[in-house]
Amino acid sequence: MKSIKNQGSNLCFGIIVIVLALIPLLYQCGMITASSTILFIGKCMSFAIVAIGLDLIWGYTGILSLGHGLYFALGGYGMAMYLKLQSTGGAITDFMHIGGLTELPLIWKPFQSLPVTLLMVVVVPGIVAGLIGYFIFKNRVKGVYFSIISQALTWAVYSIFIALSPYTNGNVGITDIKSVFGSIKGNMNFGNLMILFYVSLIVLILVYAGAKFLVGCKFGKLLIAIRDGENRTYFSGYQVSRYKTFVYVLSAILAGVAGAIFVNFNGCITPSQMTISYSITMVIWVAIGGRGTIIGAVIGAFLINLCEYQLSSGGFVEIWQYVIGAIFCITILFLKGGLVGIVKDRTRCKKKEKKVEGRALGVNS
Amino acid sequence: MVQFINTLFNGLSLSSIILLTSLGLAITFGLMRVINMAHGEFVMIGAYTTYVVQNLFAGIFPSNVQWLFYFIALPVSFLITFLLGSVLEKLVISRLYGREIDSLLATWGISLILQQAARSIFGTQGVNVTAPFFLRGGLTIGGCTFSYNRIFILLLVALCILGVYMVMYRSGFGKKMRAVMQNRPMAQCMGINSRKVDNITFAIGSGLAGIAGCSVALLGSIDSTIGQSYIVNSFMAVVLGGVGKLVGTVLGSGIIGFSSIFTENYTSSTIAKAVVLLIVIVFLQKRPQGLFVIKSRSLDE
Amino acid sequence: MKQNENVLEINNISVSFDGFYALTDVKANVKRNSIHFFLGPNGAGKTTLLDIICAKTKPTQGTVMYYPKNREPMRLTGMKEYKIVNEGVGRKFQVPSVFINLTVEENMILSLKGHKGILDSIFHKPGKEELDEIDRILEKVGLLDEKETRAGALADGKKQWLEIAMQIVQKPEIIMLDEPAAGMGKPETFRTGEILKEIKKDCTIIVIEHDMDFVKQIADKVTVLHEGKVLMEGDITSVLADETVQAVYLGRGGE
């Protein structure tokens with residue numbers, strides 16, 4: 001039974017990967033007309049990565065972070081700083097001039113080299129999350145208190161980020177950048193876009209496989225144990241705070257990687273990716289897709305963003321906000337398992353497996 | 001000296017504004033254990049209500065009694081958010097008792113809807129409320145200026161606290177309310193209609209947000225994101241004070257308000273607020289339960 | 001030698017909650033490989049005492065010393081709870097608390113002795129002997145057929161047994177059981193007693209229980225608590241015969 005379920009989600013991911021892999025080819029044969037669609041789907045891949053991270057920390061471990069936008073943006077800014085320096089040739093940027101700086105600030109210096117940048121994209125979110133997580137979890141701040149604190153933290157960093165505009169270009173963010181593989185705009189640069197697209201796809205596959213491996217082994221069971229009965233887990237001899245910090249750091253790193261990929265496709269990064277509401281948007285993807293299942297996070301990230309893309313480009317921006325608000329609310333109220341949960345329930349009913357406390361997912365001890 | 005008194009007054013004023021927006025939260029979060037992320041949007045609704053009442057007044061009454069609108073707007077804001085809160089409790093919150101994190105998320109969905117509704121109705125441009133004549137300008141004593149609208153908000157907060165105190169600790173309903181919040185099954189056994197008590201308690205919390213909205217309307221322009229700018233500080237004030245304690249919330253707001261203003265002397269106001277929040281977060285590491293702790297012997301919360 | 005006789009020494013433990021003394025100057029020694037009962041009316045401080053031993057509650061005063069077999073003695077007061085568990089002091093709580101979204105077997109695997117680090121839990125797989133051991137214990141408590149069942153779907157009595165099994169698989173030196181027979185019928189209670197008698201060969205068992213038949217069945221030593229103080233200590237017959245005990249505890253139960 002369990003293996004069937006597992007294969008189901010892997011199969012589903014396989015289909016998603018195949019479809020994704022075909023997209024640039026479809027564009028080449030003219031089935032997809034707008035290259036912006038490819039850029040958009042590239043962004044969706046980065047969203048799926050951050051959603052997987054969020055699912056690990058929230059869906060499995062039961063810690064709701066309202067600040068993953070922060071890590072997403074940290075990774076994004078790191079990448080953007082490198083890309084910006086590429087386009088200025090390592091010289092100081094226009095907004096630094098305006099801000100009154102005469103030479104490249106120290107924090108920008110490491111981002112002149114690609115290997116260091118790639119390292120920073122992983123290390124910076126990891127260290128920030130590690131510090132925060134270590135203290136918060138060691139002191140056993142949990143539940144909504146953690147959520148509220150993570151929210152305040154995100155807001156505080158966001159404010160400071162904007163205030164330091166000579167270094168960060170404030171509200172505008174870092175704009176006007178190419179991807180790591182050169183410009184991806186226009187038909188003649190399609191090759192660059194293809195490389196970027198497939199590299200991102202490979203990262204997504206690796207992240208998925210890694211996450212699947214983690215939740216499949218004893219470690220994953222422990223996360224569920226922590227979610228369902230934190231104190232009980234302590235009394236089973238586990239140093240829960242360390243586990244929590246580990247997962248928190250891991251999900252922050254995934255968010256950072258996702259942010260770095262996002263910047264490449266998006267061509268700019270703004271502080272709006274750092275806000276609380278953007279962070280909660282990520283939670284919405286996971287919730288609607290189905291928390292506590294890795295595939296749910298992936299599906300949620302793609303589905304919600306595709307819907308939003310379709311509706312927004314059709315001039316239904318207004319309606320979209322109502323729709324997403326309502327769907328989210330209903331999901332939380334009635335469909336704790338999200339979309340994946342619905343499918344699971346269906347198959348379960350067909351197999352007439354006895355359902356005792358069927359939807360008691362995530363009940364506190 | 002003059003500068004010090006000014007700082008003190010600004011601190012008091014900021015604290016009172018934070019307190020006004022936290023008071024409702026202290027009730028919904030502190031007593032009912034519901035994280036209402038739409039609380040900020042109730043503040044927004046209160047502010048927009050004030051704006052609408054002002055415009056309606058301008059259409060009906062002559063300009064020399066224009067100032068009266070504010071006194072109509074206060075109860076109307078309270079009433080509208082009270083009713084909305086009651087509806088929200090019936091439809092959403094009542095299904096989420098005991099699921100704190102889910103209540104946070106579900107109400108976020110509501111807040112998305114409310115924000116968009118505000119944009120659909122009033123547009124994305126901010127609108128303004130003209131303060132009634134007696135709230136314009138300020139009182140000048142020995143070089144210090146105390147603006148009237150800030151003094152007014154201070155008084156309003158005092159009044160609200162008094163009101164909440166009277167309702168909670170001096171009324172029959174308050175007794176029922178505290179009984180339900182402390183021991184729901186027991187209260188039900190004693191014949192208290194706990195669903196009704198929940199509903200009214202939540203509605204009161206929301207109504208207080210409406211009053212807060214009415215007063216922040218005096219301070220600047222109103223747009224759909226106005227609630228969001230207050231909500232973070234308010235939540236922190238409640239947590240810092242110790243969840244479930246009214247005194248704690250008063251103190252928490254005071255600490256955040258005053259320290260923000262004092263820090264402002266050395267840096268910009270945004271950074272000051274951010275720094276203060278960071279300090280509060282560090283402090284909460286020492287005392288995760290906040291300033292006022294309710295001790296309990298329960299095994300897993 | 002003293003070290004060989006006592007596995008746990010509770011020295012002058014006092015604890016107060018907001019000025020209310022839940023325990024006052026409690027002293028007790030627990031002998032190795034014995035079944036030691038703590039009895040007393042509600043509010044006597046039994047659960048609080050267990051809380052203190054496993055570091056869920058900090059005592060206001062006093063120490064708990066633990067003398068593991070062939071190892072240095074250690075002070076449990078002040079240690080972190082997960083460390084205490086890893087040193088071999090396990091605890092079953094009053095309210096059955098198993099991991100409801102994991103299967104019975106997964107619950108057991110998580111409770112296995114050792115391998116509690118992050119890397120271990122990612123890369124280490126339980127060996128054949130460990131899995132056999134799990135099967136053996138599950139068979140003993142009658143849960144082998146439900147190995148793949150979600151623990152949340154078990155009946156309450158079976159959850160109790162699962163939790164006891166989770167304690168046994170930890171291979172602790174001391175197992176503390178808070179009302180293990182709560183909600184069990186007479187035959188199940190008796191069976192629990194027999195299981196406990198069997199495992200006492202390898203470890204020491206501390207029990208809180210109200211069921212007098214159960215106490216009579218297995219108790220080696222009994223400590224009666226009353227209003228946070230030790231009222232009496234001894235074997236079950238002498239305790240039952242004591243008049244004070246009858247007055248404060250047994251008399252109320254009408255037994």
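Trainee: Which element of chain A has the lowest mean pLDDT?

Mentor: Chain A as a whole averages a pLDDT of 86, with 93% of the residues scoring at least 70. Among its elements, helix H11 (residues 240-266) of chain A has the highest mean, 94. The lowest mean, 78, belongs to helix H15 (residues 338-350) of chain A.

Trainee: Over which residues of chain A is the pLDDT below 50?

Mentor: Where pLDDT is low, the predicted coordinates should not be read in detail. The stretch in question has 23 contacts in the model beyond near neighbours in sequence. The pLDDT below 50 is found over chain A residues 352-365.

Trainee: Which helix of chain B gives the most to the side that touches chain A?

Mentor: The contact takes 37 residues from chain A and 33 residues from chain B. On the chain B side, at least two residues each come from H4, helix H9 (226-241) and helix H11 (269-286), and that side divides into 22 nonpolar, 6 polar and 5 charged residues. With 13 residues, the one that gives the most is H4(B).

Trainee: How are helix H14 of chain A and helix H4 of chain B oriented, roughly parallel or roughly antiparallel?

Mentor: The axes of H14 (residues 317-334) of chain A and H4 (residues 100-122) of chain B come within 8 Å and cross at roughly 160°. Because angles over 145 degrees count as roughly antiparallel, the orientation of H14(A) to H4(B) is roughly antiparallel.

Trainee: How many nonpolar residues does the contact of H14(A) with H4(B) have?

Mentor: The crossing of these two helices, H14(A) and H4(B), is left-handed. Residues that H14(A) brings include A:Tyr322, A:Ile324, A:Phe328 and A:Leu333, and among those of H4(B) that they meet are B:Leu105, B:Ile110, B:Leu112 and B:Ile113. By class, the contact has 5 polar and 2 charged residues, and its nonpolar residues number 12.

Trainee: Within chain B, are H1 and H5 roughly parallel or oblique?

Mentor: Two packed helices are described by the angle between their axes and the distance between the axes. For H1 (residues 2-31) and H5 (residues 148-170) of chain B, the axes are 9 Å apart and the angle is about 40°. An angle under 35 degrees would count as roughly parallel, and H1(B) to H5(B) is therefore oblique.

Trainee: How many charged residues are in the contact of H1(B) with H5(B)?

Mentor: H1(B) passes H5(B) in a left-handed crossing. Among the residues that meet are B:Leu12, B:Ser13 and B:Leu20 in H1(B), and B:Arg150, B:Ile153 and B:Val157 in H5(B). The contact of H1(B) with H5(B) divides into 11 nonpolar and 2 polar residues, and the charged count is 1.

Trainee: In the open sheet of 4 strands in chain C, which strands stand at the edges?

Mentor: The strand order is S2-S1-S4-S5 in chain C, and the pairing is antiparallel. A strand at the edge has a single partner strand, so one side of it is left without a neighbour in the sheet; these strands are S2 (20-31) and S5 (74-75) of chain C.

Trainee: Which residue of S4(C) stands opposite C:Leu8?

Mentor: S1(C) and S4(C) run antiparallel and are joined by 5 bridges. On its pairing with S5(C), S4 (residues 61-66) of chain C has 2 bridges, and there C:Met65 stands opposite C:Arg75. Opposite C:Leu8, the residue in S4(C) is C:Tyr66.

Trainee: In the sheet of 6 strands in chain C, which are the edge strands?

Mentor: This open sheet has the order S6-S7-S8-S3-S9-S10 and its pairing is mixed. Its neighbouring strands are turned by 15° against each other on average, direction ignored. The strands that pair on one side only are S6 (89-92) and S10 (229-234) of chain C.

Trainee: Which residue in S7(C) is the bridge partner of C:Val89?

Mentor: S6(C) and S7 (residues 174-178) of chain C run parallel, joined by 4 bridges. Helix H7 (residues 156-169) of chain C packs on this sheet, touching S6 and S7, and its direction makes about 175° with that of S6(C). The bridge partner of C:Val89 in S7(C) is C:Ile174.

How values were computed: Residues numbered from 1 in each chain as written. Chains lettered and ligands numbered in written order. Predicted model: local features only at pLDDT ≥ 70, side-chain atom pairs only at ≥ 80, totals over all residues. Axes fitted to C-alpha atoms, helices over the stretch in contact; angles between N-to-C directions. Parallel < 35°, antiparallel > 145°, perpendicular 65-115°, else oblique. Left-handed = near helix turned anticlockwise from the far one by under 90°. Contact = placed C-beta atoms within 7 Å. Nonpolar A, V, L, I, M, F, W, Y, C, P; charged D, E, K, R; others polar. Pairing = 2+ DSSP bridges. pLDDT = per-residue confidence, 0-100.
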